[in-house]
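Me: Please take a close look at the strand pairing in this model and at the helices around it. I would like one connected account.

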Amino acid sequence: MAYRQKILIVDDDSNIADLISLYLKKEMFDTAVAPDGESAIQMYRTFLPDLVLLDLMLPGKDGYQVCRELRQLGRTPIIIVSAKGETFDKVLGLELGADDYIGKPFDSKELVARVKAVLRRFHREEAAPAPTAPLQVVRYPGLTVNLTNYSVTYDGKELDMPPKELELLYFLASQPNQVFTREQLLDHIWGYEYVGDTRTVDVHIKRLREKIKGQENWKIGTVWGIGYRFEVKA
């Protein structure tokens, strides 16, 4: 019998949780539901899910704390599914280690597509052989981005930067002055193979700009109506 991937749904609204479970079971996933943060942690240890769908507004231990604890337990992909749609909420969830963020109300087809996309990307990373290529490093005055050991040094100080922010910065900086649409960045960094929520890119760019102000001869630039580029002066 073929292995069925398992999804843990963490939501205190039983109607929403049951609806999500129904959608996923139709796509041949096995599901389990946790109605609060404490039971989510317990079920994560026993159910051993391949992916977690996590609401933020939970009784007792909230979704942010659950996300933080799950990240300490393992690398299982986490998609936040929440009605809290402000930029701050998205940024915080992504910084705590979530792999994606879907707002409520959601479209069932998009939810399933996002689950499949995140799982595909995660398994590609797990199956990838250990890197043997030279160090992946880009350097500019005041900035060094090292993708090999996931470190960023800015103005002589090492920054604490979540993986997706670092990967986005490296991707842009390694191809100076090249313009990328939000959809292209989603595909390269998040591995989406469909038209997803491009606001994910905007959130990460905003956070990068808060941490890295740019220099006289380089900056993270916006190409209005198109996307972003790492602008470097000759």
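Reply: Strand pairing and helix packing

Strand E1 (residues 6-10) runs parallel to strand E2 (residues 30-34), and five bridges join them. Helices (H or I, at least four residues) and strands (E, at least two) are DSSP runs numbered from the N terminus, and two strands pair if DSSP finds at least two bridges between them. The model is predicted: local features need pLDDT of at least 70 and side-chain atom pairs pLDDT 80 or more, while totals for chains, interfaces and linings use all residues. Residues are numbered from 1 along each chain as its sequence is written, and side-chain values use heavy atoms, leaving out hydrogens and water.

E1 is mostly covered, with five of its five residues buried, meaning under 20% relative accessible area with a 1.4 Å probe, protein chains only. Lys6, Leu8 and Val10 point one way, Ile7 and Ile9 the other. In a regular strand, side chains alternate between the two faces of the sheet.

Helix H4 (residues 87-95) also has buried residues: Asp89, Lys90, Val91, Gly93 and Leu94. They pack against helix H3 (63-73), strand E4 (78-82), strand E5 (100-103) and helix H8 (199-211), where contact means heavy atoms within 4.5 Å. Just after H4, Gly97 has a positive phi of about 120 degrees.

Another sheet is open, with three antiparallel strands in the order E10-E12-E11. Its edge strands, E10 (180-181) and E11 (218-223), each pair on one side only. Two bridges link E10 to E12 (residues 227-232), and Phe180 stands opposite Tyr228 of E12.

Helix H6 (residues 163-173) packs on E10, E11 and E12, with its direction at about 60 degrees to that of E12. Axes are lines fitted to C-alpha atoms, for helices over the stretch in contact, and angles run from 0 to 180 degrees between N-to-C directions.

The axes of H6 and helix H7 (residues 182-190) come within 10 Å and cross at roughly 120 degrees. H6 and H7 are therefore oblique to each other, as angles under 35 degrees count as roughly parallel, over 145 as roughly antiparallel, 65 to 115 as roughly perpendicular and the rest as oblique. Lys164, Glu167, Leu168, Phe171 and Leu172 in H6 meet Leu185, His188, Ile189 and Trp190 in H7.

Notes. Buried < 20%, exposed > 50% of the residue type's maximum accessible area, 1.4 Å probe, protein only.
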